[in-house]
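The exercises below go with the structure shown next. Try each task before reading its solution.

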Amino acid sequence: MVRSVALAVCAAALLLAMAAGGAAAQGVGSVITRAVYETMLPNRDNSICPAKGFYTYDAFIAAAGTFPGFGTTGSADDVKRELAAFFGQTSHETTGGPQFQWGYCFKEEKTMATSPPYYGRGPIQLTGQSNYDLAGKALKLDLVSNPNLVSTDAEVSFRTAMWFWMTAQGNKPSCHDVALRRWTPTAADTAAGRVPGYGVITNIINGGRECGKGMNPENVDRIGYYTRYCGILGTATGDNLDCYTQQNFAT
């Protein structure tokens with residue numbers, strides 16, 4: 001009898017977890033429909049793109065279903081702004097051309113020179129053994145032994161990007177919290193010029209190379225993609241889009 005009750009409880013918990021994942025995917029899919037996805041990423045399957053055929057809409061939706069808070073939290077504008085920010089950042093990371101039309105053209109770092117074999121892969125360009133280790137543990141995958149999984153399995157690829165997006169590390173807030181305006185700068189952040197807005201997300205992702213260096217083309221590209229996506233989704237960008245004068249989190 002006790003065992004039967006325990007099994008019933010476990011089954012109910014599993015169903016609830018599946019329902020939560022399904023609801024999350026449905027919520028994201030109601031904003032990023034297949035048509036919107038195609039509009040945002042019109043050249044991802046262009047013949048000149050190494051990632052042609054890789055970043056499918058179905059893989060994105062399946063991955064989103066494993067992160068119930070991703071793209072489903074807050075007001076309608078909060079949801080749209082977060083998704084625009086996610087695609088803005090990841091489109092820059094994988095861009096293959098000008099005019100903010102070539103996101104998701106690459107699935108691997110072009111030179112494969114940064115921390116091999118843990119060079120950049122996937123929408124967020126997951127880089128470094130530590131990130132592969134942490135992401136793998138969170139996703140229950142051995143990405144240290146098999147880093148190529150991030151560039152050969154599209155759902156895993158998206159999941160690593162969403163893991164990075166949703167996870168705070170060290171003194172960095174999560175991109176998710178910043179996008180939802182739930183991050184409150186510390187005194188150290190304020191002294192370093194780090195203020196709430198899209199620019200801090202750039203700082204989280206690649207602040208050591210792009211922040212505190214004045215206007216630079218990388219920031220401009222990230223902002224351009226984000227602004228375009230906010231327009232497509234029908235939401236405002238908010239303030240503080242760049243990190244030109246922000247110190248990076250490492251300092």
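**Exercise 1: a disulfide**

In this predicted model, a disulfide joins Cys49 to Cys105, with an S to S distance of 2.1 Å. Work out the handedness of this disulfide and which parts of the chain the pair ties together.

Solution. 
1. The S to S distance of 2.1 Å falls within the 2.5 Å cut-off for a disulfide. By this rule the count comes to two disulfides.
2. The torsion about the S-S bond of Cys49 and Cys105 is about -105°, so the disulfide is left-handed.
3. Cys49 sits in the loop between α2 (34–40) and α3 (57–64), and Cys105 in the loop between α4 and α5 (129–139), so the pair ties together parts that are 56 residues apart in sequence.

**Exercise 2: a helix pair**

Describe how helix α10 (residues 198–210) and helix α11 (residues 217–233) cross, and list the residues that meet.

Solution. 
1. The axes of α10 and α11 come within 11 Å and cross at roughly 150°.
2. Angles over 145 degrees count as roughly antiparallel, and α10 and α11 are therefore roughly antiparallel to each other.
3. Their crossing is right-handed.
4. From α10, Tyr198, Thr202, Ile205, Asn206 and Glu210 meet Glu218, Asn219, Arg222, Ile223 and Tyr226 of α11. By class, this contact has four nonpolar, three polar and three charged residues.

**Exercise 3: an annotated residue**

Solution. 
1. Glu93 belongs to helix α4 (residues 76–93).
2. Leaving aside neighbours within four places in sequence, Glu93 is in contact with Pro123, Ile124, Gln125, Ile205 and Arg222.
3. Ile205 is in α10 and Arg222 is in α11.

Key
Residues numbered from 1 in each chain as written. Predicted model: local features only at pLDDT ≥ 70, side-chain atom pairs only at ≥ 80, totals over all residues. Heavy atoms only, no water. Axes fitted to C-alpha atoms, helices over the stretch in contact; angles between N-to-C directions. Helix = DSSP H or I, 4+ residues; strand = E, 2+ residues; numbered from the N terminus. Parallel < 35°, antiparallel > 145°, perpendicular 65-115°, else oblique. Left-handed = near helix turned anticlockwise from the far one by under 90°. Contact = heavy atoms within 4.5 Å. Nonpolar A, V, L, I, M, F, W, Y, C, P; charged D, E, K, R; others polar.
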